[in-house]
Amino acid sequence: MSDLLQRITINPKQCGGRPCIRGMRIRVSDVLDLFAAGLSAEQILAEMPDLEANDLQAVLLYAS
């Protein structure tokens, strides 16, 4: 579980200090918004090819 959470990074100089995925400018909130809009994990991965399946799991774990 802690391995997944290491995928979530917070840098005060990036994205206003909001939690991002693996240092990229993809915010946790962006991915959560896509899930909330009804997209499946497969659709999100197709939409954001830099993400990995474990990134999505990390987002959900972080949000919980």
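Is Arg22 buried, partly exposed or exposed? With a relative accessible area of 32%, Arg22 is partly exposed, where buried means under 20% relative accessible area, exposed over 50%, and partly exposed in between (1.4 Å probe, protein chains only). The model is a predicted one, in which local features need pLDDT of at least 70 and side-chain atom pairs count only at pLDDT 80 or more, while totals for chains, interfaces and linings use all residues. Residues are numbered from 1 along each chain as its sequence is written, and side-chain values use heavy atoms, with hydrogens and water left out.

Although Arg22 is not a glycine, its phi is positive, at about 45 degrees. Cys15 is also a non-glycine residue with a positive phi, of about 55 degrees. Cys15 sits in the loop between β1 and β2 and is partly exposed, with a relative accessible area of 23%.

The charged side chains come next. Side chains of opposite charge can pair when their charged atoms come close. A salt bridge is counted when a side-chain nitrogen of Lys or Arg is within 4 Å of a carboxyl oxygen of Asp or Glu, and by this rule there are four salt bridges. One of them joins the side chains of Arg7 and Asp55, at 2.5 Å from N to O. Arg7 belongs to the loop between α1 and β1 and Asp55 to helix α4, so this pair ties together parts that are 48 residues apart in sequence. Arg7 counts as buried at 16% relative accessibility, and Asp55 is buried too, with a relative accessible area of 0%.

Asp55 also meets Arg22 in a salt bridge, at 2.8 Å from N to O. Here, too, distant parts of the chain are linked, with Asp55 in helix α4 and Arg22 in the loop between β2 and α2, 33 residues apart. Arg7, Arg22, Glu52 and Asp55 are linked in a network of salt bridges. Another salt bridge brings together the side chains of Arg27 and Asp30 (2.8 Å, N to O). Arg27 counts as partly exposed at 24% relative accessibility, and Asp30 is partly exposed at 21%.

Two helices also meet. The axes of helix α2 (residues 28–36) and helix α4 (residues 53–63) come within 10 Å and cross at roughly 95 degrees. Axes here are lines fitted to C-alpha atoms, for helices over the stretch in contact, and angles run from 0 to 180 degrees between N-to-C directions. From α2, the contact (heavy atoms within 4.5 Å) involves Val28, Val31, Leu32 and Phe35, and from α4 it involves Leu56, Val59, Leu60, Tyr62 and Ala63.

Phe35 and Gly16 are 19 residues apart in sequence and 22 Å apart in space, C-alpha to C-alpha. Gly16 lies in the loop between β1 (8–9) and β2 (20–21) and counts as exposed at 74% relative accessibility.

Conventions:
Helix = DSSP H or I, 4+ residues; strand = E, 2+ residues; numbered from the N terminus.
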